[in-house]
Amino acid sequence: MLNKARIRKSFSRAASTYDASALLQRYVAVELSGLIKTSMDGGSVTALDIGCGTGSLAGHIKDLYPGGRVYGCDIALPMLLRARENSCDDNGRGIKGLVGADFEGLSFVSSAFDLVASNLAYQWAPDLSRAFTEAARVLKPGGLFAFTTLGAGTLRELRECYTEVFNGGRARFEPFKGAEDVASALDAAGLERVETKSTEVKRAYKDPLELLRTLKKVGAFSRAFDNAKWGPSAGRVRSLKEVFALYRERFPSPHLPEGITATYDVIFALARKP
């Protein structure tokens with residue numbers, strides 16, 4: 001079970017390193033903002049970015065709807081402080097308000113927003129149906145819910161190598177939800193699905209250690225390895241070296257000499273409140 005206190009601590013620690021390492025998150029935010037643009041008319045839109053982090057998606061939404069009001073919420077206060085700094089840059093990406101809140105307890109009145117959006121955050125939600133129900137609550141009737149999350153195929157290379165080396169293949173991970181799970185949770189929340197699709201995004205790293213460091217810098221290391229059984233500490237370093245060697249052998253990067261490939265299974269979803 002995902003631990004909210006641990007999630008908050010992980011992202012709070014990563015606030016200072018997040019922007020420099022969140023290449024995947026920025027890329028997906030651009031793709032999601034494109035889907036939002038084609039699904040909503042312009043004008044005075046009131047929007048909420050759930051799990052806003054340092055404010056990347058909120059900034060794109062503000063660019064799409066300059067006359068609108070954009071709010072953000074996040075579980076980690078240091079992330080909100082960075083979002084406030086970023087929203088006051090030369091681009092004038094002013095965020096109307098930033099609030100400390102998690103998926104299951106949004107601090108906003110019901111039917112407040114034309115758009116509720118989120119970028120690569122719902123993989124942290126302990127209960128998708130409950131989280132989506134709360135998103136639906138704050139949406140106006142006819143409002144758009146647009147989000148991305150990481151699916152079941154995320155980091156499959158790392159997990160395969162880890163599982164084979166540690167504990168004789170008996171390692172266990174907190175699984176990511178698949179596209180079918182996301183669709184079912186949307187239905188359970190009473191939202192009308194417009195589109196749900198899964199896209200593989202592959203990224204190259206110079207070695208497995210760089211991948212792990214990147215996950216840590218964006219606050220995602222604990223999500224990748226929640227409930228993983230690392231085995232006796234005395235053999236951990238040796239076994240990790242075996243994991244890294246196996247990773248290099250099986251999943252080399254075709255674009256980066258001596259590098260490795262990591263897969264992110266990105267789920268894009270659009271839904272409306274009836």
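Tutor: Before we start, one word to settle: two residues are in contact when heavy atoms of theirs lie within 4.5 Å. The model is predicted, and local features need pLDDT of at least 70, side-chain atom pairs count only at pLDDT 80 or more, and totals for chains, interfaces and linings use all residues. Residues are numbered from 1 along each chain as its sequence is written, and side-chain values use heavy atoms, with hydrogens and water left out.

Student: Okay, the big picture please: how many helices and strands does the chain have?

Tutor: Both kinds of element are DSSP runs, numbered from the N terminus: helices are H or I with at least four residues, strands are E with at least two. Counted that way, the chain has 11 helices and seven strands.

Student: What percentage of the residues is buried?

Tutor: Buried means under 20% relative accessible area, exposed means over 50%, and partly exposed is in between (1.4 Å probe, protein chains only). There are 274 residues in the chain, and the buried share of them is 53%.

Student: And what does the accessible surface of the chain come to?

Tutor: Accessible areas come from the Shrake-Rupley method with a 1.4 Å probe, and for residues only the protein chains shown count as cover. Carbon and sulfur atoms own 50% of the surface, and the total is about 12600 Å².

Student: Let's look at β1. How many of its residues are buried?

Tutor: Strand β1 covers residues 46-50. In a regular strand the side chains alternate between the two faces of the sheet. Here T46, L48 and I50 are buried on one side, and A47 and D49 are buried on the other. That leaves β1 mostly covered, and its count of buried residues is five of five.

Student: Which residue of β2 is the bridge partner of I50?

Tutor: Two strands pair if DSSP finds at least two bridges between them. β1 and β2 (residues 69-74) run parallel and are joined by five bridges. Within β2, I50 has as its bridge partner C73.

Student: Which residue of β4 is the bridge partner of A47?

Tutor: β1 also runs parallel to β4, with three bridges joining them. The β4 partner of A47 is L115.

Student: What distance separates the C-alpha atoms of F108 and L48?

Tutor: L48 is among the contacts of F108. The two are 60 residues apart along the chain, yet their C-alpha atoms are separated by 9.7 Å.

Student: Where does the side chain of T154 meet a backbone nitrogen, and which residue owns that nitrogen?

Tutor: T154 is found in the loop between β5 and α7, and T154 is buried because its relative accessible area is 1%. A polar contact is a pair of N or O atoms within 3.5 Å; within protein, one must be able to donate a hydrogen and the other to accept it, and residues adjacent in sequence count only if both atoms are side-chain atoms. In this case, a polar atom of the T154 side chain lies 3.1 Å from the backbone nitrogen of D265.

Student: In helix α8, what arc do the buried residues fall within?

Tutor: α8 spans residues 179-188, and V182, A183, A185 and L186 are buried there. The arc is that of the directions from the helix axis to the C-beta atoms. Those buried residues line one face of the helix, because seen down the axis they fall within an arc of 165°.

Student: Which exposed residues sit on the face of α8 turned away from its buried side?

Tutor: The buried residues of α8 pack against α6 (128-138), β5, β6 (192-205) and β7 (260-272). The face turned away from them carries the exposed residues E180 and A188.

Key
Lists of a residue's contacts leave out its neighbours within four places in sequence.
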